[in-house]
Every structure is written in structure tokens, then in C-alpha cells.
Amino acid sequence: MPPFSARDVLEITTARSPPGDGAGPPARPLSSPFRQACWRPDRPPWPHRRRRPGRWPPTRAARSSPRISTRRAGPPATSPGAGPAIITGPVPSQGKPGDPAHDYIFYSTPFDLKKAGYEEQEYFIQGTATRYPSSPTAAQQMQPAQPVGTMPYETRIVVRRPIDPRRSAGIAVVDWQNVTAGHDIDTEWGTSGDFFVRHGWTWIGASVQRVGVNGATTGATAGLGLRQWSPQRYGALDVTDGGTVMDDSQSFDIYSQIGELAKGTSRHDPLSDLHIRDVYAGGASQSGVFLGVYYNTVQPLQHVYDGFLFALSDSALPPRSGVGTKAIRVFTENDIFRGEAVASQRVPDSASLRTWEIAGASHVPAYSTATDPNDFRATLGGIQTREFGAAPLVDCVNPGPSQVQSFAVFHAAYSALNTWVRAGVAPRPAQPLAVIDPGPPATFARDQDGLAEGGIRLPDVAVPTSLNNGVNAPASLTNPLSAFCVLYGTHTAFTQDQLSALYTSNRDYRQQVAADVRLLQAQHFLLPEDAGAFRQQARDTDVTG
């Protein structure tokens, strides 16, 4: 297996423009063992009164009182950083998801929102963004960002929220849309949408980067942006100032303005009825890199966000302690395997930072590549195929991706972040993975079955029936997208001899799973609401042959 350096990883998993241009992993036709099994409403749909789309009276552009409109308008006149000057919407959809006319919300979730008392809405926002360096030096990341200009923009946000405002917990997550695949991917919803719904949180998908809105111009994922996918719906959106700004320097302030919109209290703000008090920044992989830069350089300017969850990556420098905003980083074994030698990967926990590492898990998990278009977690599988058609298969050395159900740890991480922010109770420190040599690639201490030692150990690893790890590579590059095999990890079922050596009976296996679930709950790395899915999986598994 050829080694991949930290630089290779950065080139593959980031979408900095113009060099990266948004290349990303294709769909992988594997089934998700859980699908929506972990989501069950804890009570019937709540009584509600549906708000009707309409026109709110315009007001002077300001952070607390944006202008709301139901029709397109010309360029706004507003001062830099004054928040979205114009909000258009909710933008109606003329077709259902999958309609070839593409006049519906891109990546509309298949989650049964109505049953859960939720709704999905899309808004277009216009304003002026202050530009900040998108690739700051190490020295620049040690201090607040300095502006490099301003520019007008128009983009979109997608909101998944309680229909009845009384169900709102007063919390929102703004998901920095990942654009590694050449288009927006709502990674935080794919891992934690069921958690958000169960707890009354609002999810806001933020389209802030060139590749997601205007589209990549070169490479295997060129031409997949919102404007290309649906010119009639998204043709007026632009975050490049007419093609003159191609470095995503606008993305940071647009992200700030969206966070401020979530907290708006004006009666003209379409989210004000949710009474959102705390807004958390979330993003995975490439988005985590940008969020890392945001945390170190832009968050200190106004402290728009109340907490951060970095999924699978962060900036080349760790979140600096001087910022003070609470942050949790969640890495998989695959991330550590590829990036242990990166200076930011291993830093000690602090008064504002926790790092959790998931044994056996991969950057691209199996559940995200499930082929079912009705699986809300299938953001690189069925949902992607619905929007673009089937992608060619990648050719990897090992079967994969890893089937470790890492989303359960992300649920726990969001819960812990919220408790930390609201109650001041710090999350429990997590044991790191046992690294022998940082490499790259890193070498782990492994048990007799090849499973990495240390880290957060879900039942898929602690009580295994297969080998799941974070190691893989392309077998060939006939399909250029096979380069993304490095993100997939490995899944190989154990032989019956291996299973018989581990478990005396199905009852023995299930008792061990139950014990691991209890331990994870006691450590607060697994929520009680997710424990049942692991126990059910154990009941459905036969280890006796």
C-alpha cells in the first residue's frame, strides 16, 4: 500500500481554490446497517400552527433587522459586515426531490421531517462581505484577521427547524457546507440530523464557498455547483464578485452573517420566532479546515459563535487558547493515520478544547455511502445519486469503507458541547489512539485481530465481528476518483474461526455488547437514546455460524 503524506491528505480533503477546485469522493454503493434505526421520536408530532410564506415589510439593513423579500432585488447598499441586507424566501419548490427539472432544494433531506414536526426551508441572502485571508500563514493565525477588501455576494441557506416554535430548544447549528465533492454536502445533518430533531435544535446549511455555489472550473468534479445544477433556481447566486474573487476570502464573513441571522430578534427575521440563543459552528473535513482558520482569526473579532465542533479535521494550527470559545474536535482512526504528523493533530486538552478519537472509524463511513436515496445519512450515496446520477465505482486495495457507526459519537459530542457552553460542565477527556510512530502514515498499536488500541471504542471495535480500521489506498487510478480510497478505511468480516475464538455463544456476544454500551454511556461517549440501536444490532447478529 503506497504511503500518503499529510500534504497528500490536505490536497485530497480540502477544496481551497483554485488549486483544489473541489475534487471529492464519489458515491460508494454500500448499504448502511443502521439507516434511520437510531431515530425514533420520543413522542408523537407536536401540535403546531404552520407559518405561511409571505412578504415581510422591508427594513433598513442591519444585523438585528434584515430586509426580507419574496422577490429578487438588485445589489444591496450596506456597510461591510452589516449582516445579510436582503433575505428572500422561503423560496418555493416547484418539484419533488429527484425531479429532472431541478426546481427544488438541492440536497433536500429524505428525513421524514413532517412526522417529526419539522420543516425544511430555503432562503436566498444578499449582502456585503468583508474579505479575510483564506490561507493565512502560521503567524497570521496567531492573531485576529485583517481585512483584505469587501465584495457583494448572494447565496443561500437551508433551514430545518421545528414547525412549532414552542418546540425550539433555542439552539442552532450552522453547517459549513462541505464542497470536496464539487457541490454542497450537509455533513453535519448526515451524522446528526436525528439528534437535532430529537432535541429541538435548528440546523442551518450555509453555502459560503465558490465551489459549492459557482462550481469548480477544472477537475473530475467541475461544473457541479448550485448554478450549474439548477440555473433557473440558483443562477443569480454568486460568491465570486463576478469571477474576480476566487480564493474564498468572502466565506468567513458570510458565515458570520449567517450566524448573526440565526440569533436575530427582529420580527422581520424569519428565524426570530425560534428564540435562538446559542449558535454552534459545525463542519467536517474540508469545512473543518476552514472552520479552524475561522476560529483562530475571525471568531476573535466578534465571537459570533458560542461553540465549535470540528469533525475530521481542523486548521494546520490547533484552535488557539487565546480565543476562549469552547471547541470539540472529533477525529476518526483514518484521520489520525493520515495526519498524526501534522502539528495540530495532537495537542493537549485545555479549558476550551477537547479532542476525541474514534477507533476503527474512517473519514468516509459506510453509512454515508449507502445507496438508499431515502436514507438521510447517505450524503455520498443515494442522495448524491439522486442529484447527479450514479458515479463510477472507486477501485480500492481493501474492501470498505469502515462500518463503525461513528455518528453516535458525534451525537455525544454535540450534547457535550452544549452542556459545556450552557452549564459550564467540561466534557470528559477521551483516551487517544495508541500511536507507536506518527509517520506519516501513523503506526498504531493493534491487537491480535488487527484492531487499533486506545480511542473511543464503539461495539463495532470493542466487541468486533469484523475488522474495521482507517487504512486503505487506491488499487488503481483508472478512475481518478479512486484517489479518495485513502479516506474509506477497511471493512472485512471475521471468519467463523475468529468469531468462535472470541465468543462462546450469541448470548456471550450480546452480553459483551451490552457491557460496552453501558461503559460508553457512563463515560458520556454514547447517549442513552442511541444505545438501543447497538443492542438491537447485537440481537440481529449470529456469531455461531
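Me: In which sense do strand S7 (residues 278-284) and S8 pair, and over how many bridges?

Reply: Strands S7 and S8 pair in the parallel sense over five bridges. Tyr280 stands opposite Gly307 in S8. Helices (H or I, at least four residues) and strands (E, at least two) are DSSP runs, numbered from the N terminus. The model is predicted: local features need pLDDT of at least 70, side-chain atom pairs count only at pLDDT 80 or more, and totals for chains, interfaces and linings use all residues. Residues are numbered from 1 along each chain as its sequence is written, and side-chain values use heavy atoms, with hydrogens and water left out.

Me: What makes S8 and strand S9 (residues 326-332) a pair?

Reply: S8 and S9 are joined in the parallel sense by five bridges. Gly307 has Lys326 as its bridge partner in S9.

Me: Which elements make a right-handed β-α-β unit?

Reply: The unit consists of S7, helix H7 (residues 286-302) and S8. A crossover is right-handed if, with the strands pointing away from the viewer, the path from the first strand over the helix to the second runs clockwise.

Me: Why is strand S8 (residues 307-311) called mostly covered?

Reply: Five of the five residues of S8 are buried, that is, under 20% relative accessible area with a 1.4 Å probe and protein chains only. Gly307, Leu309 and Ala311 point one way from the strand, Phe308 and Phe310 the other way, and all are buried.

Me: Why is the aromatic pair of Tyr294 and Phe308 called tilted?

Reply: Rings of Phe, Tyr and Trp (its six-membered ring) pair if their centres lie within 6.5 Å; planes under 30 degrees apart count as stacked, over 60 as edge-to-face and the rest as tilted. The structure holds 31 aromatic pairs. For Tyr294 and Phe308, the values are 6.1 Å centre to centre and 40° between the planes, hence a tilted pair. Tyr294 lies in helix H7 and Phe308 in strand S8, so the pair ties together parts that are 14 residues apart in sequence. Both Tyr294 and Phe308 are buried.

Me: How do you know that the charged end of Arg160 sits over the ring of Trp189?

Reply: A charge sits over a ring if NZ of Lys or CZ of Arg is within 6 Å of the ring centre and within 35 degrees of the ring normal. The charged end of Arg160 is 4.9 Å from the centre of the Trp189 ring, so the distance meets the limit of 6 Å. Arg377 likewise lies over the face of Phe407, at 3.6 Å from the ring centre.

Notes. Buried means under 20% relative accessible area, exposed over 50%, partly exposed in between (1.4 Å probe, protein chains only). Two strands pair if DSSP finds at least two bridges between them.
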